[in-house]
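Open the model and keep the sequence beside it. The text below goes from helix packing to sheets, then to loops and the chain end.

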Amino acid sequence: MLIVEMILSREKSHFSAEDIHDELNDRRHVISLATIYNTLHEFSERRIIRTINILINKTIYDRDIGNHIHFIVEDTKLILDAFGKAVLKSPPICPAGMEIAYVDLALQLRF
Ligand SMILES: [Zn+2]
């Protein structure tokens with residue numbers, strides 16, 4: 001239940017299983033990373049959170065499940081929500097008989 005509470009009460013939109021694990025450890029709660037991953041997977045399946053497919057070596061989750069685009073800062077791997085709907089207003093043309101069910105797009109930035 002504590003994991004659920006921590007996920008649902010997060011102010012920071014983007015997080016990893018390791019972030020949750022670290023926060024639990026800070027509160028002196030010992031819960032395995034496997035349990036956290038299983039919970040996050042279940043939440044993602046139920047569309048309570050969103051799994052972000054980005055170009056770094058760990059899975060990132062998002063409390064905002066609406067269609068939106070992410071910026072990823074190349075050096076720091078900081079993930080930011082991109083505001084503005086320009087890409088969503090004129091998406092690529094889908095194959096005949098299909099429609100866009102979900103948008104998962106990340107743009108990598110550098111200084
Ligand atoms: Zn986001």
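A helix crossing is left-handed if the near helix is turned anticlockwise from the far one by less than a right angle, and right-handed if clockwise. Helices here are DSSP runs of H or I with at least four residues, strands are runs of E with at least two, and both are numbered from the N terminus. This is a predicted model: local features need pLDDT of at least 70, side-chain atom pairs count only at pLDDT 80 or more, and totals for chains, interfaces and linings use all residues. Residues are numbered from 1 along each chain as its sequence is written.

Start with the whole chain. The protein chain has four helices and six strands. Along the sequence they follow the pattern α-β-α-α-β-β-β-β-α-β. The C-alpha atoms fill a box of roughly 50 × 40 × 20 Å, taken along the principal axes. A residue is buried if 20 or more other C-beta atoms lie within 10 Å of its own, exposed if 12 or fewer, and partly exposed in between, with C-beta atoms placed from the backbone. Buried residues make up 11% of the 111 residues in the protein chain. Two residues are in contact if their C-beta atoms, placed from the backbone, lie within 7 Å. Of the contacts with a separation of 6 or more, 42% are accounted for by residues 24 or more positions apart.

Now find the helix pair. Helix α2 covers residues 17-26, and it packs against α3 at an angle of about 125°, with the axes 9 Å apart. Axes are lines fitted to C-alpha atoms, for helices over the stretch in contact, and angles run from 0 to 180 degrees between N-to-C directions. Angles under 35 degrees count as roughly parallel, over 145 as roughly antiparallel, 65 to 115 as roughly perpendicular and the rest as oblique. Helices α2 and α3 are therefore oblique to each other. Their crossing is right-handed. Which residues meet there? A17, I20 and H21 come from α2, and L33, I36, Y37 and L40 come from α3. The residues of this contact divide into six nonpolar, one polar and no charged. In that count Ala, Val, Leu, Ile, Met, Phe, Trp, Tyr, Cys and Pro are nonpolar, Asp, Glu, Lys and Arg are charged, and the others, Gly among them, are polar.

Next come the sheets. Two strands pair if DSSP finds at least two bridges between them. Three bridges join β2 to β3 (residues 60-62). There I52 has I60 in β3 as its bridge partner.

Another open sheet has three strands in the order β5-β4-β6, and its pairing is mixed. Here β5 (79-82) and β6 (104-109) are the edge strands, each with a single partner, so one side of each is left without a neighbour in the sheet. Strand β4 (residues 68-73) runs parallel to β6, joined by six bridges. It pairs with β5 in the antiparallel sense over four bridges. Look at H70. Its bridge partner in β6 is A106, and its bridge partner in β5 is D81.

Two loop residues deserve a look at the backbone. Most residues other than glycine have a negative phi, and most peptide bonds are trans. R47 has a positive phi of about 60° although it is not a glycine. It lies in the loop between α3 (33-45) and β2 (50-52). R47 is exposed, with 9 other C-beta atoms within 10 Å. In the hairpin of β4 and β5, which has five residues between the strands, K77 takes a positive phi near 65°. K77 counts as partly exposed, with 14 C-beta neighbours inside 10 Å.

Finish after β6, in the segment where R110 is placed. Is R110 buried or exposed? It is exposed, with 7 other C-beta atoms within 10 Å. Not counting residues up to four places away in sequence, R110 touches E74 and D75. The C-alpha atoms of R110 and E11 are separated by 26 Å, and the two residues are 99 residues apart along the chain.
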